Amino acid sequence: RLIMSERAFAYLIARKAKKYLILYFTFVYVISLVFLPPVLRTFFPQYSGEMIIVFLVLLHLFVDGYKVGQNALLYALDKQKAQFILFNFGIILQIVLDVTFTYLWGVKGVIFSWHIQALALGIALNIYLVRNLKIPTGGWRDILSFDQYDRMLLGKIIETMKSLFKRVSM
């Protein structure tokens with residue numbers, strides 16, 4: 001079992017992972033918006049009319065960024081029973097949404113149901129972590145802030161990049 005300081009450390013790791021994944025996924029999504037249309041038209045012209053589906057699928061990156069670390073925290077805190085219950089809730093929700101949305105909107109409906117199920121499961125996990133385990137899961141302030149841990153990480157990245165450039169230039 002984790003003691004309180006380990007719990008705070010696990011929360012910090014999950015919060016920072018969420019922050020950097022969301023920032024990275026935003027970068028990937030913007031790059032995709034710019035480069036994907038010409039790539040699809042050039043190499044896969046038969047799919048160029050379905051660009052909206054590709055962009056809808058890519059939106060899932062943000063849902064994954066939101067959910068990152070939640071399952072790991074439950075596992076680290078020895079809450080596998082809660083994981084089991086929430087996972088089964090997700091499966092049932094996915095089946096209901098898939099059938100309903102596929103009937104209503106076809107392939108696009110499956111994509112919408114996938115996003116809604118993942119977001120609903122993420123929200124359920126978030127509620128469980130906050131209410132039952134008293135672990136704050138952060139918000140936009142965590143993503144947009146820059147603290148000592150971010151400075152330390154950025155310093156390490158810059159140091160590594162300088163080291164790589166020195167090796168390449170030799």
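Okay, let's start with the lining of the second largest pocket: its residues split into 8 nonpolar, no polar and 3 charged. Keep in mind that we're looking at a predicted model here.

So which residues line the second largest pocket? You've got F9, L12, I13, K16, A17 and Y20, and then Y149, D150, M152, L153 and K156. Helix 1, running 4-43, and helix 8 each put in at least two residues of that lining. Helix 1 gives the largest share, with 6 residues. As for volume, we're talking about 180 Å³ of space in this pocket.

If you skip the neighbours within four places in sequence, S145 is in contact with K19 and D150. Where does S145 sit? It's in the loop between helix 7 (140-144) and helix 8 (148-169). Buried or exposed, or something in between? S145 has a relative accessible area of 27%, so we call it partly exposed. If you want a distance from there, take S48: S145 and S48 are 97 residues apart in sequence, and their C-alpha atoms are 38 Å apart in space.

Last stop, I95. That residue is in helix 5, residues 80-105. Why do we class I95 as exposed? Because its relative accessible area is 51%, and the cut-off for exposed is over 50%. And one more pair for you: I95 and W114 are 19 residues apart along the chain, with 9.9 Å between their C-alpha atoms.

Conventions: Residues numbered from 1 in each chain as written. Predicted model: local features only at pLDDT ≥ 70, side-chain atom pairs only at ≥ 80, totals over all residues. Heavy atoms only, no water. Helix = DSSP H or I, 4+ residues; strand = E, 2+ residues; numbered from the N terminus. Buried < 20%, exposed > 50% of the residue type's maximum accessible area, 1.4 Å probe, protein only. Contact = heavy atoms within 4.5 Å. 1 Å grid on protein atoms, 1.4 Å probe; cavity = no way out; pocket = protein on both sides within 12 Å on 5 of 7 lines; lining within 4 Å. Points joined across faces, edges and corners; volume = space filled by probe spheres on them. Nonpolar A, V, L, I, M, F, W, Y, C, P; charged D, E, K, R; others polar.
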